[in-house]
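Please check each point against the structure as you go.

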Amino acid sequence: MESSTLFSLRLSLQVAAVATILIFAAGVPIAYLLARGVFRGREVVDVLITLPLVLPPTVTGYLLIVLLGRNGIIGGTLYRWTGWSIMFTWQAAVIASFVVALPLMVKTARAAIETVDRNLIDASATLGHSELWTVVRVTLPLAQRGIVAGLVLAFARALGEFGATLMLAGNIPGRTDTMPIAMYAAAASGDRSGANVMVLLFTAISGACLYAANRLGRRTA
Amino acid sequence: MRAFEKLIIVIATILCCTAGAAWSQPGQELTVAAALSLKSAFEEIAVLYEEKYPGERIRFNFAASGVLQRQIEAGVPVDVFASAASRELDELERKKLLADGSRRSFARNRIVLIVPAGVTTRIHSFADLADIAVKRLAMGNPATVPAGKYADEVLRLSGMRDRLSGRLVLCENVRQVLDYTVRNEVDAGILFATDAAAVRGVVVAATAPAGSHSPAVYHAAALKDAKRGAAARNFIDLLLSSEGQAVLKRRGFQAAQ
């Protein structure tokens, strides 16, 4: 395997891993609030988080540039203060993957949390435990498999993120060319053998992720 | 009514309303695959063509020349292919995919260095790109985008290519180079003079001198498998006619010879 392919694979795994950690940190509380919380605008939050799942990745990418670019609403301030812009960095690829893959995690985890037996949660409360203790020791452990399945799905999606990543992180060979971007470049420039190697490798990894998610998901029910 | 039936009705309605958009049978339609940098000029020439040959319609497919080449090799039906470099047509010719004797060069372009408008910049020439303050430079991917191939030649000839690696944002087409530069996401961009002239928001800092890259000559040819071979040749003739050349000149292209 060529060293550039190896670099792209390593970068993709790194980006997907960091994105998955962030998705876990943000996704579990969001999924819990959506499943159990009673607050105004709950469905609005759900829609906003799910949108990247159905929006064309180019739209998501465009919105992220508007937010995070050098002239962006958030990115502009950051650039003026620090002189650093997230555009065209591997961190930008993490952000793109995070936004696109988060809904998979939230959807799966929300469904898992909603199916946790209400009686068990009530029992915990009856025994005098606080809500936080109940969440951490009862609800989340019971929904564990769904949460892990969601994480695996999110990881697979983050690994395959292309459209928004290309717009936000660009294609800087040896810096931001993740596997999907390297594959696109190889296919577009007629590098069949390079594309074939990457496609096989990538299909195998993604297939393994889906298989794992399916097995975990089935045992939840 | 059950939800499933409602869904069927909604989808059926969408299909009825859009019938004719994607799968209308082309009557007298000529399919032209052309380099993205030709877009505005070709759209104008299409009007001339449709006036000259009543009943004819032109359908364009604009993309980076290298991308179009792959599509043609994969069997996408195309009547005319207009590329921003000779490389793509050379390869198609070797694979015997072009109609014999139909190939013509019809225009030439220049390579320029652009910077975002309204920003204080230290970049006033290609040599200034060596400056460490240049953090991001956008150009087309040399493997697929002709403007990127010429940009790559300019950078290599001046010995800056290696020093800039890791700072080159390779774009999939010239529009992306423009967009990043207009938005000030990159410090500078390299593309065709005609593309730079087409938008506000960028300033041309320098023009690549003759001899700093191979001549950026546009070539067009009819495809061997063209369903509309005669119409394809008519279109290429129109490109070379005084009317066609006048449009290209107005859009900033130079004559091929």
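1. Of the 257 residues of chain B, 50% count as buried, where buried means under 20% relative accessible area, exposed means over 50% and partly exposed lies in between, with a 1.4 Å probe and protein chains only. The secondary structure of chain B comprises ten helices and ten strands, helices being DSSP runs of H or I with at least four residues and strands being runs of E with at least two, numbered from the N terminus. Taken along the principal axes, the C-alpha atoms of chain B fill a box of roughly 65 × 55 × 35 Å. Among contacts in chain B between residues at least 6 apart in sequence, 77% join residues at least 24 apart, a contact being heavy atoms within 4.5 Å.

2. A word on conventions belongs here. This is a predicted model, in which local features need pLDDT of at least 70 and side-chain atom pairs count only at pLDDT 80 or more, while totals for chains, interfaces and linings use all residues. Residues are numbered from 1 along each chain as its sequence is written, chains are lettered from A and ligands numbered from 1 in the order in which they are written, and side-chain values use heavy atoms, with hydrogens and water left out.

3. Chain A has eleven helices and zero strands, and its pattern along the sequence reads α-α-α-α-α-α-α-α-α-α-α. Its C-alpha trace spans about 65 × 45 × 25 Å along the principal axes, and 46% of the 221 residues of chain A count as buried. For contacts in chain A between residues at least 6 apart in sequence, the share that joins residues at least 24 apart is 73%.

4. Of the area that chain B buries against chain A, Glu172(B), Arg183(B) and Glu185(B) supply 31%, more than any other three residues.

5. Within chain A, the axes of helix 1 (residues 3-36) and helix 2 (residues 42-54) come within 10 Å and cross at roughly 140°, the axes being lines fitted to C-alpha atoms over the stretch in contact and the angles running from 0 to 180 degrees between N-to-C directions. That makes helix 1 of chain A oblique to helix 2 of chain A, given that angles under 35 degrees count as roughly parallel, over 145 as roughly antiparallel, 65 to 115 as roughly perpendicular and the rest as oblique. On the helix 1 side, Ile30(A), Leu33(A), Leu34(A) and Ala35(A) meet Arg42(A), Val45(A), Asp46(A) and Ile49(A) of helix 2. By class, this contact of helix 1 with helix 2 of chain A has six nonpolar, no polar and two charged residues, where Ala, Val, Leu, Ile, Met, Phe, Trp, Tyr, Cys and Pro count as nonpolar, Asp, Glu, Lys and Arg as charged, and the others, Gly among them, as polar.

6. Val66(A), in helix 3 (residues 57-68) of chain A, is partly exposed, with a relative accessible area of 32%. Leaving aside neighbours within four places in sequence, Val66(A) is in contact with Gly72(A) and Ile73(A), and its C-alpha atom is separated by 9.5 Å from that of Gly76(A), ten residues apart along the chain.

7. Gly146(A), in helix 8 (residues 144-160) of chain A, counts as buried at 5% relative accessibility. Gly146(A) and Arg110(A) are 36 residues apart in sequence and 8.5 Å apart in space, C-alpha to C-alpha.

Conventions: Buried area = accessible area lost by both parts, 1.4 Å probe.
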